[in-house]
Amino acid sequence: MSKNIVGFSRKTKEEKIEWLITTYFGGNKDAKQTLVSYWNSDDKLQQLHDEFIENTVSNFYLPLGVAPNFIINQKEYTIPMVIEESSVIAAAAKASKYWGIRGGFRTTVLGQEKIGQVHFMYTGAPEKLFSFFNSIEAQFHQDSASITKNMNARGGGISSLTLVDKTIELNNFYQIHVCFNTVDSMGANFINSCLEQFAKTLVREAATHVDLKGEEPIEIVMSILSNYVPNCLVRAEVRCTIDALEPEEGLTKREFAEKFVRAVEIARIEPHRAVTHNKGIMNGVDAVVLATGNDFRAVEAGIHAYASRTGQYRSLSTATITEDEFCFALEIPLAVGTVGGLTNLHPLVKWSMQLLGNPKASELMELIAVAGLAQNFGALRSLVTSGIQKGHMKMHLLNILNQLNADPSQKEAAVDHFKTTPVSFSAVTEFLKASNA
Ligand code: MEV
């Protein structure tokens with residue numbers, strides 16, 4: 001039987017589910033019940049979620065947890081994190097405690113510039129295009145005034161419009177490269193609306209301009225924001241004297257610091273390690289980005305591009321020992337918002353924002369960078385001392401127990417037993433078998 005369907009999006013939610021269950025699950029009622037069991041009992045709330053996207057059939061839960069005790073620029077925070085990986089919040093909470101008694105995290109927003117581009121083709125003389133472009137700059141601002149009015153009133157708007165000749169890389173290819181300040185919003189809709197207006201202005205003005213009329217027309221290819229925002233940058237760091245570091249098993253404090261710095265250096269020069277190293281950073285970054293209703297795909301794409309800015313993919317963090325001081329820092333681009341998008345719509349996003357004291361976008365950038373640095377610290381600290389599996393598997397124990405359908409008393413006994421015994425799937429299976437015997 002063909003699984004092709006026409007007009008799926010026009011069906012009701014009930015009809016869509018019936019079609020799915022009949023076509024893919026052999027009419028199995030349990031398959032339908034699985035979807036239904038994740039619906040919200042509050043119809044209004046469910047409708048809100050249904051309307052976020054097209055073809056919603058259920059909700060997909062991820063845990064929302066919190067990591068308390070963060071001191072960032074002398075201020076206390078409890079950070080909300082949405083993540084499925086069992087050890088991430090525990091690592092964040094451990095790192096916050098570690099650095100909380102060593103002066104806390106310090107952050108600086110180095111820039112908040114967003115970028116968008118109109119990509120177009122033009123076959124005529126470049127000088128004519130440049131002089132035409134300069135002559136219509138005011139027109140770009142005038143034509144987009146209704147879009148930029150509110151943003152200007154909030155202190156943002158268009159910062160610069162530049163014509164870029166890209167014909168060396170691609171025949172006839174030019175761009176209008178536009179920089180924006182979108183204040184507390186991520187700004188995607190604002191930027192794209194401005195760009196589409198610039199494209200219209202460009203084509204309209206070219207048709208009548210003395211230098212360009214009668215030439216091959218400008219062909220707009222596309223107008224879209226860039227998720228690469230190297231000037232929307234935040235830095236987070238921790239520092240303390242080597243003597244103030246915690247004693248680690250089997251290592252002096254200096255040996256630990258040196259091993260830690262070496263681990264970061266390896267991630268700077270070796271891409272395989274760099275990707276995993278940065279993945280650990282993204283464990284913290286994505287979790288806060290998600291909890292605060294921001295676009296984690298945009299953040300991921302932008303950050304990994306930034307990690308490759310030298311032509312090689314490298315560590316996003318750096319670690320140094322200067323005389324007796326250990327410093328660990330992270331610098332990442334982050335285009336996030338605290339107004340607009342899901343931030344005003346999703347009740348748990350609103351809750352998370354409130355937990356953070358309703359931050360401005362710049363403050364949220366700082367908190368996200370700190371979460372990334374904290375994760376990176378936790379991972380490296382384990383990696384260069386006990387190894388990652390000890391802590392990881394301890395946190396994974398409950399997942400294994402749930403997978404093996406352990407009851408509450410077995411779980412309690414297992415958690416106690418595995419405090420002193422290495423966790424593995426087979427060890428937990430054996431433990432349960434013995435407790436059933
Ligand atoms: C696992 O989610 C993250 C780590 O692999 C990060 C790292 O290796 O630095 C532990």
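Visitor: How far does helix α11 (residues 296–307) reach from its first C-alpha to its last?

Guide: The expected span of a helix is 1.5 Å times one less than its number of residues. Helix α11 has 12 residues and reaches 16 Å between its first and last C-alpha, close to the 16 Å expected at 1.5 Å a residue. Helices (H or I, at least four residues) and strands (E, at least two) are DSSP runs, numbered from the N terminus. This is a predicted model, in which local features need pLDDT of at least 70 and side-chain atom pairs count only at pLDDT 80 or more, while totals for chains, interfaces and linings use all residues. Residues are numbered from 1 along each chain as its sequence is written, and side-chain values use heavy atoms, with hydrogens and water left out.

Visitor: Which residues of α11 are buried?

Guide: Buried means under 20% relative accessible area, exposed over 50%, and partly exposed in between (1.4 Å probe, protein chains only). In α11 the buried residues are Ala298, Val299, Glu300, Gly302, Ile303, Tyr306 and Ala307. An α-helix has 3.6 residues a turn, so residues three or four places apart point the same way. The buried residues of α11 pack against β8 (233–241), α10 (271–291) and β10 (325–333).

Visitor: How many residues of α13 are buried?

Guide: Helix α13 is mostly covered, with 19 of its 23 residues buried. Its length can be checked in the manner already described: the 23 residues of α13 (residues 361–383) should span 33 Å at 1.5 Å a residue, and the end C-alpha atoms are 33 Å apart, which agrees. For the protein of 437 residues, 43% count as buried.

Visitor: At what angle do helix α15 (residues 408–417) and helix α16 (residues 425–436) pack?

Guide: Two packed helices are described by the angle between their axes and the distance between the axes. Axes are lines fitted to C-alpha atoms, for helices over the stretch in contact, and angles run from 0 to 180 degrees between N-to-C directions. For α15 and α16 the angle is about 125 degrees and the axes are 11 Å apart. That makes α15 oblique to α16 (under 35 degrees is roughly parallel, over 145 roughly antiparallel, 65 to 115 roughly perpendicular, and the rest oblique). The contact (heavy atoms within 4.5 Å) is made by Gln410, Ala413, Ala414 and His417 of α15 and by Phe431, Leu432, Ser435 and Asn436 of α16.

Visitor: How do α14 (residues 388–403) and α15 pack?

Guide: Their angle is about 145 degrees, with the axes 11 Å apart. The contact involves Leu397, Leu398, Leu401 and Asn402 of α14 and Lys411, Ala414 and Val415 of α15.

Visitor: Where does Ser87 lie?

Guide: Ser87 is in the loop between β2 and α4 (88–100). Ser87 is buried, with a relative accessible area of 12%. Leaving aside neighbours within four places in sequence, Ser87 contacts His392 and Met395. For the protein, residues 24 or more positions apart account for 71% of the contacts with a separation of 6 or more.
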